[in-house]
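Me: I've got the model open and want to go through it with you. Let's start with a pair of helices.

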2 protein chains.
Amino acid sequence: MQDWITRFTGLNALPDRLKRKLMAQSRIVTLKKGARVFGQGTSPENLLMLLEGTVRVQQQSETGREIVLYRVQAGESCVLTTACLLAYDDHSAEGIAETEVKAAAIPRLVFEDLITDSTEFRQFVFQSYSRRITDLFFVIDELAFRRVDIRLAQKLLVLQDDDNRLSATHQQLAAELGTAREVISRQLQEFQRRGLVELSRGVVQITDLAALKKLSKSE
Amino acid sequence: MQDWITRFTGLNALPDRLKRKLMAQSRIVTLKKGARVFGQGTSPENLLMLLEGTVRVQQQSETGREIVLYRVQAGESCVLTTACLLAYDDHSAEGIAETEVKAAAIPRLVFEDLITDSTEFRQFVFQSYSRRITDLFFVIDELAFRRVDIRLAQKLLVLQDDDNRLSATHQQLAAELGTAREVISRQLQEFQRRGLVELSRGVVQITDLAALKKLSKSE
DNA sequence: ACGCGCTTTGTGACATTCTCACTAAACTTG
DNA sequence: CAAGTTTAGTGAGAATGTCACAAAGCGCGT
């Protein structure tokens, strides 16, 4: 894992001196699938930059319901973690490794140094913020204004693999949209009735991609 | 309007040199009540620091419905504007002056300089971010998991003035919560039936504060 | 004071979503 | 294969959202 910096387009512009510093002062960590990356009591002393895998960031209600806020992909960083989740400790958000995750962990002090020293790094950080906040705006928009069937169709399209399938329980899909499991079950049945998908335990197979896309775009 | 910096607790720690720079290179602007501070086509070349008044930041759906995201109060700054609303131009968010607003406008370049030069200023900026993002998390939580009556009770309590009144149409209250006007009308009627409030056109008078508080806290 | 236009609120009917309390089916493990 | 666990299905009723109006309140000009 020598030159991981090249995986972050925003960091290519860094002067060599700082790249070396970053490499020298961060360490590579590996997290198992399902591991909690941050949240509830974890006080994040590192900025994580994802090299491989994805981290799902979600929020839990007191009643146990969940909603997925966004995902951090390889090549992105968990910026909100460092700056914000500290302040927000009550019904806090948490990050879960969705796959095995490799990441570069940058200690807070190094992070601050880099922010101080480098316009390029600042740009990178602010852009990361920007992306996350855009994601949050999007979630709010969807939650407040869109119907579940349309949102579900969107999600299925986003989460599908190369074979137009996805492995997820209805419960997990409900958490993606911040709704109840029963709602998803019924919607999926309706989709199946209309021939859009084929259901089996823990799996959704998309059978009419075009129609699903059309649905996802209807208002 | 000489020493406005003192109004920002986070900026007190700035070295005098930078305080002077900030004063010298920013200018005080005044905005009329109802003015659009940013959004849709405005490309914000300034960071606004509110000296007086409040700015309401809200989002609009394509169908014309709205939801209030957060408010920027005197002593706070519109950080999200500069960094983020640029990227988010589609169904974008907008900021409206809720009252007459006085603010210090800091040009983007000065902002960058300060970020570069001052740990204290960086802290200030990141804390501002943190607060806003916390607000967004809160909105998402409420939207996804809480009943409207409880959310309405909360809002009435927050928005009330010293006489336990608030001037707002049902439509405006609906926008606060991201719901439909009819829903608010019916809830308010129910509140009135239960003796919690007294309604008249454009005005809600709270008549049983204790009960309303209790409702707002029930799950 | 009166009528006119505009804004705000009220209402019924119906669709969608949420909740609760279950049952049933599908997998897992011993 | 039996027993336990996880996942999915279902009906009933409450809460919320949508639509198409009707009614009431207010400002304004005369």
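Reply: α5(B) and α8(B) are oblique to each other. Angles under 35 degrees count as roughly parallel, over 145 as roughly antiparallel, 65 to 115 as roughly perpendicular and the rest as oblique. Before going on: this is a predicted model, in which local features need pLDDT of at least 70 and side-chain atom pairs count only at pLDDT 80 or more, while totals for chains, interfaces and linings use all residues. Residues are numbered from 1 along each chain as its sequence is written, and chains are lettered from A and ligands numbered from 1 in the order in which they are written.

Me: OK. At what angle do the axes of α5(B) and α8 of chain B cross?
Reply: At roughly 130°, and the axes come within 8 Å. α8 of chain B covers residues 209–217. Axes here are lines fitted to C-alpha atoms, for helices over the stretch in contact, with angles running from 0 to 180 degrees between N-to-C directions. Helices (H or I, at least four residues) and strands (E, at least two) are DSSP runs, numbered from the N terminus.

Me: Which residues make that contact?
Reply: α5(B) puts in Asp149(B), Ile150(B), Ala153(B), Gln154(B), Leu156(B) and Leu157(B), and α8(B) puts in Leu212(B), Lys213(B), Leu215(B) and Ser216(B). Contact means that the C-beta atoms of two residues, placed from the backbone, lie within 7 Å.

Me: How do the residues of that contact divide?
Reply: Into six nonpolar, two polar and two charged. Nonpolar covers Ala, Val, Leu, Ile, Met, Phe, Trp, Tyr, Cys and Pro; charged covers Asp, Glu, Lys and Arg; the others, Gly among them, are polar.

Me: Now chain A. What does Ile150(A) touch?
Reply: Leaving out residues up to four places away in sequence, Ile150(A) touches Leu215(A), Ser216(A) and Ser218(A). Ile150(A) sits in helix α5 of chain A. Lys214(A) belongs to helix α8 of chain A, residues 209–217.

Me: Lys214(A), buried or exposed?
Reply: Exposed, because Lys214(A) has 12 other C-beta atoms within 10 Å. The cut-offs are 20 or more other C-beta atoms within 10 Å for buried, 12 or fewer for exposed, and partly exposed in between, with C-beta atoms placed from the backbone. Ile150(A) counts as partly exposed, because it has 16 C-beta neighbours inside 10 Å.

Me: What share of chain A do buried residues make up?
Reply: 33% of the 219 residues. Chain A has eight helices and ten strands, and its C-alpha trace spans about 60 × 35 × 30 Å along the principal axes.

Me: How many residues go into the contact of chain B with chain A?
Reply: 30 residues from chain B and 30 residues from chain A. On the side of chain B that touches chain A, α2 (79–85) and α4 (119–145) of chain B each give two or more residues. α4(B) gives the most, 14 residues. That side of chain B has 18 nonpolar, seven polar and five charged residues.

Me: Last one. What is the phi of Asn164(A)?
Reply: About 60°, a positive value, although Asn164(A) is not a glycine. Asn164(A) lies in the loop between α5 (148–159) and β8 (165–167) of chain A. Asn164(B) also has a positive phi, near 60°, and lies in the loop between α5 (148–159) and β8 (165–167) of chain B.
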